[in-house]
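Thanks for coming, everyone. I have one structure to walk you through today. Please bring it up on your screens.

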Amino acid sequence: MGWGEWIRGEAEVEPSIYAADFARLGEQLEGLLEAGCRIFHFDVGDGHFVPPVTIGPVVLRSIAPLLHAAGGVLDCHLMVTNPANHLEEIAASGGDSVTFHVEASGRPGEVARRARALGLGVGVAFNPATSPAEAAAAARRAEADIVLCMSIEPGYSGQELMPAALGRVRELSALVDLPIQVDGGVGAANARAVREAGARLLVAGSAIFSDASPADAYRRLFAEAR
Ligand code: DX5
Ligand code: ZN
C-alpha cells in the first residue's frame, strides 16, 4: 500500500492533527473516520528546522492503532533538520509515510531510500522561499510519491494561506507528474482555488479543528475540494 492506493478519486482533504484538541483527540479522530476521512496529516517539528517542538512518536504510537484499524493512514510531515535520524522511530510508531523538506536534506535520494526500506511512503516538501524547480529536482532524485508545497512558513497552525502559493502550485504541476499537497491556511474560502491550481491533497488544520464539529467541517471541505 502507498500513496497510489490512499488517494481516492481526484482529491483528498487531510486533517492536520497538530491543530486538534489534544484533550479530546481520540473522539475527534473517531468523528473524522466516521465522516469518511482516511488520510491524516501529522506534523513533526523539532524546534530547530521550525521554532516550535510540535508532536512526535509518542502521540503517533497512541493514535496509530485506532486509525489503522479503520483503514486510515498517517502522513508524517517532518519539519526537522535531520529527517534521516527520525525515520526508524516514525516507522516503528505507526507512521505510514514521511514528507521531508528540500531545505533540510541535501541528499533526498538517500533519505528516500532509507524511508522506503522501512516501508514508508515518500514525499518532498518545500518552503515559500524555495523554487518549485528545486523541489521538482529533489522529488525526481527521491523518486517521491508526492510533493508538498507549503502555503505558509511552516511551524504553526492558524496562519493565512499566502496567495503566491497558488502560482507556485501551478508552476510545480507543470514540472512534476505527481500528486501535489498544499499545507497552510487551506479552508472553505480557498479550497476550490487550491484545487484549480493543481493540488490534489489539501491539508487543513484550523479549518477543521477550530469548528465545533471537526467531522462536519471535514465533510464540507471534502465536498468543496471535489
Ligand atoms: C504547520 C503545519 C501545518 C498546520 C496547518 O507548519 O505544517 O500542517 O498544522 O494548519 P492550518 O491549516 O491551520 O494552517
Ligand atoms: Zn504540515
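Let's start with what covers the buried residues of α2: the cover includes β1 (12–15), β2 (39–45), α3 (57–69), α9 and α10. Before I go on, please keep in mind that this is a predicted model.

Which residues of α2 are buried? They are L25, Q28, L29, G31, L32 and L33.

Helix α2 spans residues 25–34, and helix α10 spans residues 214–225. They pack at an angle of about 35°. Their axes are 8 Å apart. Is the crossing of α2 and α10 left-handed or right-handed? It is right-handed.

Who meets whom here? From α2 come Q28, G31 and L32; from α10 come P214, A215 and Y218. By class, that contact has four nonpolar residues, two polar ones and no charged ones.

Next, α9. Find I208, which sits in this helix, residues 206–209. Is I208 buried or exposed? Its relative accessibility is 0%, so I208 counts as buried. What does I208 touch, leaving aside neighbours within four places in sequence? The contacts are V13, P15, L32, P214, A217, Y218 and L221.

Now move to strand β8, residues 201–204, and pick out L202. L202 also has 0% relative accessibility, and therefore counts as buried. Its C-alpha atom is 4.7 Å from that of V13. Beyond four places in sequence, L202 touches E12, V13, E14, V182, V186, A191, V194, R195 and A225.

On to the cores. The largest nonpolar core has 62 residues. Which of them touch the most other members? I17, F40, F42 and L74. Helix α6, residues 132–142, gives this core its largest share, five residues.

Zoom in on F42. Leaving out residues up to four places away in sequence, F42 touches I17, I55, G56, V59, L60, I63, L74, D75, C76 and H77. There is also a second, separate core of seven residues. Its members include W3, W6, I7 and L201.

Stay with the two tryptophans. Both W3 and W6 are buried. They lie in helix α1, residues 3–6, three residues apart, and are therefore separated by about one helical turn. The general rule: an α-helix has 3.6 residues a turn, so residues three or four places apart point the same way.

How many aromatic pairs does the count come to? Two. In the pair of W3 and W6, the ring centres are 5.0 Å apart and the planes are at 65°. Planes over 60 degrees apart count as edge-to-face, so this pair of W3 and W6 is edge-to-face.

One last stop: E143. Where is it? E143 is in the loop between α6 and β6 (146–150). E143 is not a glycine, yet its phi is positive, about 50°. Is E143 buried or exposed? At 61% relative accessibility, E143 counts as exposed.

That's my tour. Over to you for questions.

Technical notes: Residues numbered from 1 in each chain as written. Chains lettered and ligands numbered in written order. Predicted model: local features only at pLDDT ≥ 70, side-chain atom pairs only at ≥ 80, totals over all residues. Heavy atoms only, no water. Axes fitted to C-alpha atoms, helices over the stretch in contact; angles between N-to-C directions. Helix = DSSP H or I, 4+ residues; strand = E, 2+ residues; numbered from the N terminus. Left-handed = near helix turned anticlockwise from the far one by under 90°. Contact = heavy atoms within 4.5 Å. Nonpolar A, V, L, I, M, F, W, Y, C, P; charged D, E, K, R; others polar. Phe/Tyr/Trp six-rings, centres within 6.5 Å; stacked < 30°, edge-to-face > 60°. Buried < 20%, exposed > 50% of the residue type's maximum accessible area, 1.4 Å probe, protein only. Core = buried A, V, L, I, M, F, W, Y, C linked by side-chain atoms within 4.5 Å.
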